[in-house]
Amino acid sequence: MMLEESIRILAMQEEILQFSHFTNEDAWELGSLMVAEAARNHLPVAISIRLNNGCTVFQYGFKGTNYSDEQWMARKQNTVRVMEMSTLRLFMLLKKNQETLESRGLNETDHVARGGGFPIRVAGAGVIGSVLVSGLDHMADHEFASACMSQYLRIDGIPRLPVSF
């Protein structure tokens with residue numbers, strides 16, 4: 001698949017997977033759904049839902065996850081907060097334009113352009129937080145997050161990249 005098509009699909013996912021509101025209860029329900037899906041599929045992932053105000057409103061790590069996953073999620077969250085897009089879409093954009101994080105004003109210590117960070121966008125309010133996944137291949141991290149958000153929002157048929165987990 002061409003990079004342009006992948007970028008277009010990722011932007012469409014972000015546009016479609018918007019919330020009308022997002023509360024701590026929504027974070028609990030979405031996070032719980034993600035944990036159940038990961039358990040059902042035997043995925044050794046860490047899951048976090050963090051708001052841009054600094055609050056972590058949900059977090060769970062399956063056996064096998066560790067501090068490295070926490071560091072990856074923190075870097076993914078920083079990237080989503082600044083760029084207001086999924087970390088996978090930024091990865092694809094950088095690749096397409098032959099750019100680096102630094103060329104976008106981001107340092108690699110605190111930010112990362114790898115899949116697994118998805119913006120929580122509230123209609124009328126913009127990006128207010130991030131859904132974060134770490135533990136799989138970065139494409140599968142993204143697919144897991146977007147598939148769970150689609151399920152939670154009851155939105156069928158979102159465009160997807162050809163990746164499975």
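Visitor: What makes the crossing of α2 and α5 left-handed or right-handed?

Guide: The rule is that a crossing is left-handed if the near helix is turned anticlockwise from the far one by less than a right angle, and right-handed if clockwise. For α2 and α5 the crossing comes out right-handed. Keep in mind that this is a predicted model, where local features need pLDDT of at least 70, side-chain atom pairs count only at pLDDT 80 or more, and totals for chains, interfaces and linings use all residues. Residues are numbered from 1 along each chain as its sequence is written, and side-chain values use heavy atoms, with hydrogens and water left out.

Visitor: Why are α2 and α5 called oblique to each other?

Guide: Helix α2 (residues 24-40) and helix α5 (residues 138-153) pack at about 120°, axes 10 Å apart. Under 35 degrees is roughly parallel, over 145 roughly antiparallel, 65 to 115 roughly perpendicular, and the rest oblique. So α2 and α5 are oblique.

Visitor: Which residues of α2 and α5 meet?

Guide: From α2, Leu-30, Leu-33 and Met-34 are among them, and the α5 side includes Phe-144, Cys-148 and Tyr-152. Contact here means heavy atoms within 4.5 Å. By class, the α2 and α5 contact has nine nonpolar, one polar and three charged residues.

Visitor: What makes α1 roughly parallel or roughly antiparallel to α4?

Guide: Helix α1 (residues 3-16) and α4 pack at about 155°, with axes 9 Å apart. That makes α1 roughly antiparallel to α4. The crossing of α1 and α4 is left-handed.

Visitor: And where is Arg-89 placed?

Guide: Arg-89 is in helix α4 (residues 87-97). With a relative accessible area of 16%, Arg-89 is buried. Leaving aside neighbours within four places in sequence, Arg-89 is in contact with Ile-7, Leu-10, Ala-11, Glu-14 and Glu-84. Ile-7, Leu-10, Ala-11 and Glu-14 are also among the α1 residues that meet α4.

Note on methods
Axes fitted to C-alpha atoms, helices over the stretch in contact; angles between N-to-C directions. Helix = DSSP H or I, 4+ residues; strand = E, 2+ residues; numbered from the N terminus. Nonpolar A, V, L, I, M, F, W, Y, C, P; charged D, E, K, R; others polar. Buried < 20%, exposed > 50% of the residue type's maximum accessible area, 1.4 Å probe, protein only.
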